[in-house]
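Trainee: I am new to this one. Can you show it to me and then take my questions?

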Amino acid sequence: MTQIILGENEGIESALRRFKREVSKAGIFSDVKKHRHFETPLQKHKRKTIARHKQQRYKRGFRQG
């Protein structure tokens, strides 16, 4: 669970900004998006295939440079 401790004289805006940063670093947003609705096995396979291709393309770019 992500939590922040408010400092003395810290505004709510800066505390909210810090909280959002911590939540995004923890990967909670991506997890919520992933579990938002049921994913069929075909959709899951397609998503993983696309991610695999992106990863291969990313690695290939470093070898050429």
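This is a predicted model: local features need pLDDT of at least 70, side-chain atom pairs count only at pLDDT 80 or more; totals for chains, interfaces and linings use all residues.

Trainee: Which secondary structure elements does the protein chain have?

Mentor: It has three helices and zero strands. From the N terminus on, the order is α-α-α. The radius of gyration is 19 Å, well over the 11 Å that the globule rule gives for 65 residues, so the chain is more spread out than a compact globule.

Trainee: What box do the C-alpha atoms fill?

Mentor: Roughly 50 × 40 × 15 Å, taken along the principal axes. Buried residues make up 5% of the 65 residues.

Trainee: Why is the contact between Glu10 and Arg18 called a salt bridge?

Mentor: The cut-off is within 4 Å, from a side-chain nitrogen of Lys or Arg to a carboxyl oxygen of Asp or Glu. The closest N and O atoms of Glu10 and Arg18 are 3.0 Å apart. That value meets the cut-off, so the pair is a salt bridge.

Trainee: What makes Glu22 and Lys25 a salt bridge?

Mentor: Their N to O distance is 3.7 Å. The limit is 4 Å, so the pair counts. Both residues lie in helix H1, three residues apart, about one turn of the helix.

Trainee: What about Arg47 and Glu39?

Mentor: They form a salt bridge too, with the closest N and O atoms 2.9 Å apart. Arg47 is partly exposed at 36%. Glu39 is partly exposed at 22%. Buried means under 20%, so Glu39 does not count as buried. A search of the whole structure finds three salt bridges.

Trainee: Which residues form the positive surface patch?

Mentor: Lys34, Lys44, Lys48 and Arg52. Helix H3, residues 41-64, gives the most to the patch, with three residues.

Trainee: How many positive and negative side chains does the protein chain have?

Mentor: There are 18 positive and 6 negative side chains. The centres of the two sets lie 19 Å apart.

Note on methods:
Residues are numbered from 1 along each chain as its sequence is written. Side-chain values use heavy atoms; hydrogens and water are left out. Patches are made of residues with over 30% relative accessible area and no salt bridge: like charges are joined within 9 Å, nonpolar side chains (Val, Leu, Ile, Met, Phe, Trp, Tyr) within 5 Å. Accessible areas come from the Shrake-Rupley method with a 1.4 Å probe; for residues, only the protein chains shown count as cover. Lys and Arg count as positive and Asp and Glu as negative; His and the chain ends are not counted. The place of a charge is taken as NZ of Lys, CZ of Arg, CG of Asp or CD of Glu. Helices (H or I, at least four residues) and strands (E, at least two) are DSSP runs, numbered from the N terminus. Buried means under 20% relative accessible area, exposed over 50%, partly exposed in between (1.4 Å probe, protein chains only). The radius of gyration is taken over C-alpha atoms; the globule rule is 2.2 Å times the number of residues to the power 0.38.
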